[in-house]
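Me: Hey, can you walk me through this one? I'm new to this.

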Amino acid sequence: MTATIIIILLLLGLILILNVKGRKPEDIATKVDSLIQKANTLTYKTESCRVVGINYRGPKANSALRAAEDYEFVNLVAEPENEYDSSAVKVLLDDVHIGYIPRDISFEIANSLKYLYYAQITDKGKNDGEWFVMINIVFHAPKGLTDDEFTFVSTHAPERLKELIDPSYCQE
């Protein structure tokens, strides 16, 4: 019985060595190089959304929206001190607060603001006397790594993680 257990353990060890350790060091290094390069490649990412809370912003927001041109640029500003949502992102048109990014995407947008390329109005108007504004947000960000790719690099070459533009930025 003891001999059987030893043989099984030896076989499992051999399988582990062949499958996990079976890659040559130069193959691992090549894959790590490729993943670091991929992660640091800058790409454009776009998010479109409707601005929320416009009708609570008052006369200054109404005036700014009436005067806004088609495709006018807006500013996005994180508002971590917001008492209702610490991930809130306010939308400013000519320095006038006109509304917010919807709560369901505000966390992602707030965490990506450092990569903001531009944001602009794509559609605006009134429905039944209520303003609606659609914006397009464009980020210029590193591609990042999937969770599996990040795990591969951190397992096989943790010292190379410092080469990533943004180690916390991962693909979805």
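Here is a chat about a sheet, a helix and one aspartate.

Me: What should I know before we start?
Reply: This is a predicted model: local features need pLDDT of at least 70, side-chain atom pairs count only at pLDDT 80 or more, and totals for chains, interfaces and linings use all residues. Residues are numbered from 1 along each chain as its sequence is written, and side-chain values use heavy atoms, with hydrogens and water left out.

Me: OK, in what order do the three strands sit in the open sheet?
Reply: The order is S2-S3-S4, with antiparallel pairing. Strands are DSSP runs of E, at least two residues, and helices are runs of H or I, at least four, numbered from the N terminus. Two strands pair if DSSP finds at least two bridges between them.

Me: And which are the edge strands?
Reply: Strand S2 (75-78) and strand S4 (96-100), each pairing on one side only.

Me: How many bridges join S3 to S4?
Reply: Four, with S3 covering residues 89-93. Valine 91 is opposite glycine 99 in S4.

Me: New topic: where's aspartate 166?
Reply: In the segment after helix H5 (147-156).

Me: Buried or exposed?
Reply: Aspartate 166 counts as buried, because its relative accessibility is 11% (buried is under 20% relative accessible area, exposed over 50%, partly exposed in between, with a 1.4 Å probe and protein chains only).

Me: Which residues does aspartate 166 touch?
Reply: Leaving out residues up to four places away in sequence, aspartate 166 touches Lys114, Tyr115 and Pro142; contact means heavy atoms within 4.5 Å.
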